[in-house]
Amino acid sequence: MEQYDKPLPLPSAETREFWEGCKRGELLMQQCADCGTYRFFPRPMCHVCNSFSAEWSKVSGRGKVFSWVVVHQASPAFAGDVPYVVASVQLSEQDDLRIFGNVEGCSPKDVELNMPVEVFFDEITEDISLPKWKPA
Ligand SMILES: [Zn+2]
């Protein structure tokens with residue numbers, strides 16, 4: 001593992017399970033234990049039924065590009081990576097379930113609306129693996 005000099009996620013009480021899942025190679029989403037609605041980012045209450053009861057569920061890791069930007073000018077930590085893609089990926093489990101991440105494994109100019117993608121996990125430190133996306 002190379003030295004990683006970019007900002008790192010700081011797992012909190014609400015996000016720790018998500019990051020632990022990423023470390024195991026599993027994409028986990030919070031799911032309402034009462035109505036079954038998934039939600040991201042993690043938060044205490046269901047936005048559909050207002051339940052405070054939730055569990056973590058492994059999802060397929062498949063989705064499609066909902067929106068994206070190609071970054072050409074970045075802060076110093078990311079300057080060596082340009083151009084790179086940051087996408088909002090709509091997961092196949094639910095239309096309003098979206099997560100941001102880099103799309104890699106193709107040229108930034110080849111990213112398209114609704115392009116099928118699948119998750120992979122970039123092991124950046126001993127404790128953190130970042131979910132990223134590649135063409136499916
Ligand atoms: Zn609910």
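Begin by selecting S7 and strand S8 (residues 129-135): the two run antiparallel and are joined by seven bridges. The model on display is a predicted one. Next, show Val-119 and look across to S8, where its bridge partner is Trp-133.

Trp-133 is among the residues with the most contacts inside the largest nonpolar core, which has 17 residues. To see the others named for their contacts, select Val-65, Trp-68, Ala-87, Val-89, Val-103 and Val-117. Then colour the elements that supply at least two residues each to this core: helix H1 (16-24), strand S1 (28-32), strand S4 (62-71), strand S5 (84-91), strand S6 (98-103) and strand S7 (116-123). Of the contributors, S5 gives the most, with four residues.

Centre the view on Ala-87. Which residues is Ala-87 in contact with, leaving aside its neighbours within four places in sequence? Select Val-65, Ser-67, Trp-68, Gly-101, Val-103, Val-111 and Trp-133 to display these contacts.

Now move to another group of strands. Select S1, S2 and S3, which form an open sheet in the order S2-S1-S3 with antiparallel pairing. Its edges are strand S2 (38-39) and strand S3 (54-58), each of which pairs on one side only. As a landmark here, show Gln-30, whose bridge partner in S3 is Trp-56.

Finally, return to the whole protein chain in cartoon view. One helix and eight strands are present, and reading along the sequence gives the pattern α-β-β-β-β-β-β-β-β. The C-alpha atoms fill a box of roughly 45 × 35 × 25 Å along the principal axes. The radius of gyration is 16 Å; because a compact globule of 136 residues would have a value near 14 Å, the two agree. If the chain is coloured by burial, buried residues make up 20% of the 136 residues. Among contacts with a separation of 6 or more, 49% are between residues 24 or more positions apart.

Definitions and conventions
Residues are numbered from 1 along each chain as its sequence is written. This is a predicted model: local features need pLDDT of at least 70, side-chain atom pairs count only at pLDDT 80 or more; totals for chains, interfaces and linings use all residues. A nonpolar core is a set of buried Ala, Val, Leu, Ile, Met, Phe, Trp, Tyr and Cys residues joined through C-beta atoms within 7 Å. A residue is buried if 20 or more other C-beta atoms lie within 10 Å of its own, exposed if 12 or fewer, and partly exposed in between; C-beta atoms are placed from the backbone. Two residues are in contact if their C-beta atoms, placed from the backbone, lie within 7 Å. Two strands pair if DSSP finds at least two bridges between them. The radius of gyration is taken over C-alpha atoms; the globule rule is 2.2 Å times the number of residues to the power 0.38.
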